[in-house]
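Subject: Structure handover

Hi,

Here is the structure for you to open. My notes on it follow below.

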Amino acid sequence: MLEIPWQALALGGTVLIAVSAGIHALLHLPDPRAAWGWIAVTLLFPVAGPVLYLLFGINRVKSRARQIATALPDELSPHAQADVRENPELRAQLSAHLSLIHTGDTVTQSPLLGGNRVRPLRNGEEAFPAMLAAIDAATESVALATYIFETNKVGRDVIQALERAKARGVDIRVLVDGIGELYSLPRAVRLLRRRGIRCARFHPPRVLPPALHINLRNHRKLLLVDGCIGFTGGMNIGSRHMVTENRRTTAADTHFEIAGPVLNQLATAFAADWYLATREVWSSPLWADDQPAAGASVCRVITDGPNEDLDHLRLVLQAAIVSARERVRIMTPYFLPPPELEAALLGAALRGVQVDIILPDHNNVRAVHYAAQHMLHRLLDRGINVWRQAPPFCHSKLFVIDEHYAMIGSANLDPRSLRLNFELGVEVYDTRFAERLHAIIDGAMDGGERWTAERLDARGPLRRVRDAACWLFSPYL
């Protein structure tokens, strides 16, 4: 019997593993450049290459997302509502935006809803009193979801308001992200449970069995009270948003108070998140009835996440930029747009649309700030205006097209928000609302300074290398 030396077996096994890893990259990686890169690594380094590919090349986000996002029960299906376009007069008013609306139709499979009121709330000084007043007026239900729930003064005020509501017999549910909760001691969920308030953590890390994931975060912010008023935007629960206190960690922000039929879509989003975290169905009877008209805004909720909702926000934002005729204005704390959005912005500028991007002058996530600086030159070269907003650090997420369309919500324009997090946005078709957001952006630009090519070129070689290195890792920031 012919004996095969163990060295030959080891060599054959190594080659087989390397070729298998290369074939896996060929079949599963969506970007041909990434596929070529990993195929080369696995074949040139037949031992280390497959190990590196196993650790860093395989996309585990989707598989982990599937573990979280199981099929929702029928009770959580969206409540049927009449689309605003069933009204001939309102349909005529929206006729100029049909291509953008069609994108939202296709992506969300949800109706556009008229009769909403959306009110901006600047910083914690306006947002938290309104939210606390709504909780104190609650008679039936309070649903609260947040990424960060600090337990400083503002957080304690919210906990005390929830405790008072519970004492009145209000049904309360609080959902806190499992990583976002770690920003503060003592933990918010622990304090809430001590008071008998029903709460849950979304995808919390754990030691046994090991699950120390930092992706797949629920970054949505929602407060829904009695089926008649809601709050959403980018503001977490915490004193950091009280700008008059001038803290080192101060974060200016814009939140939004909402009333009207779109509350049903917001409630559906919360109910789905609550079910994913607890496997409990939250279905308040208050959400089953049609909401009365509260204003003139036409709205629709867009959910986004690394599950079946992947790329929803990116596709709608991209369609909105393509539809712009006069101006595109974006305010965001973290700006690392995917290539498709960057191309849409460059295309808008090249066809004569005014594009303004407002970024904080100083950022609380320095790596993202440095990575953004590396890519600014190609935006400036095509005529896009980039503004440096004066301190304090601004956490607002505003997106306005021309004089009629806005997107508000929790998402930043970076890979973490658009690929790795569960996010929520609200489309708003309303000229008056767009004017209010334009006024906020105008104020930021008046107090800020434009980025120039000369300023970018003035960076020293070490800073350029630093910025480029951070940009290289931008998909993971």
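Helix α1 (residues 6–28) gives the most to the nonpolar patch, with six residues. The patch is on the surface and consists of Leu11, Val15, Val19, Ile23, Leu26, Leu27 and Leu43. Together they have about 670 Å² of accessible area. Ile23, in helix α1, is partly exposed, with a relative accessible area of 43%.

This is a predicted model: local features need pLDDT of at least 70, side-chain atom pairs count only at pLDDT 80 or more, and totals for chains, interfaces and linings use all residues. Numbering runs from 1 along each chain as its sequence is written, and side-chain values use heavy atoms, without hydrogens and water.

Now the cavities. There are four of 30 Å³ or more. Of its 18 lining residues, Leu317, Lys397, Phe399, Met407 and Ala411 are the closest to its centre. β13 supplies the largest share of that lining, three residues. The lining holds 12 nonpolar, five polar and one charged residue.

The second largest cavity has a volume of about 90 Å³. Its largest share of lining, five residues, comes from α13. Trp451 and Tyr334 are among the residues that line it. That lining has nine nonpolar, three polar and no charged residues.

Terms:
- Patch: residues with over 30% relative accessible area and no salt bridge; like charges joined within 9 Å, nonpolar side chains (Val, Leu, Ile, Met, Phe, Trp, Tyr) within 5 Å.
- Salt bridge: Lys or Arg side-chain nitrogen within 4 Å of an Asp or Glu carboxyl oxygen.
- Accessible area: Shrake-Rupley method, 1.4 Å probe; for residues, only the protein chains shown count as cover.
- Partly exposed: between buried (under 20%) and exposed (over 50%) relative accessible area.
- Helices: DSSP runs of H or I, at least four residues; strands: E, at least two; numbered from the N terminus.
- Cavity: on a 1 Å grid over the protein atoms alone, a set of points where a 1.4 Å probe fits but cannot get out; lining residues have an atom within 4 Å of a point.
- Volume: the space filled by probe spheres set on the points, with points joined across faces, edges and corners.
- Lining classes: Ala, Val, Leu, Ile, Met, Phe, Trp, Tyr, Cys and Pro are nonpolar; Asp, Glu, Lys and Arg charged; the others, Gly among them, polar.

Conventions. Buried < 20%, exposed > 50% of the residue type's maximum accessible area, 1.4 Å probe, protein only. 1 Å grid on protein atoms, 1.4 Å probe; cavity = no way out; pocket = protein on both sides within 12 Å on 5 of 7 lines; lining within 4 Å.
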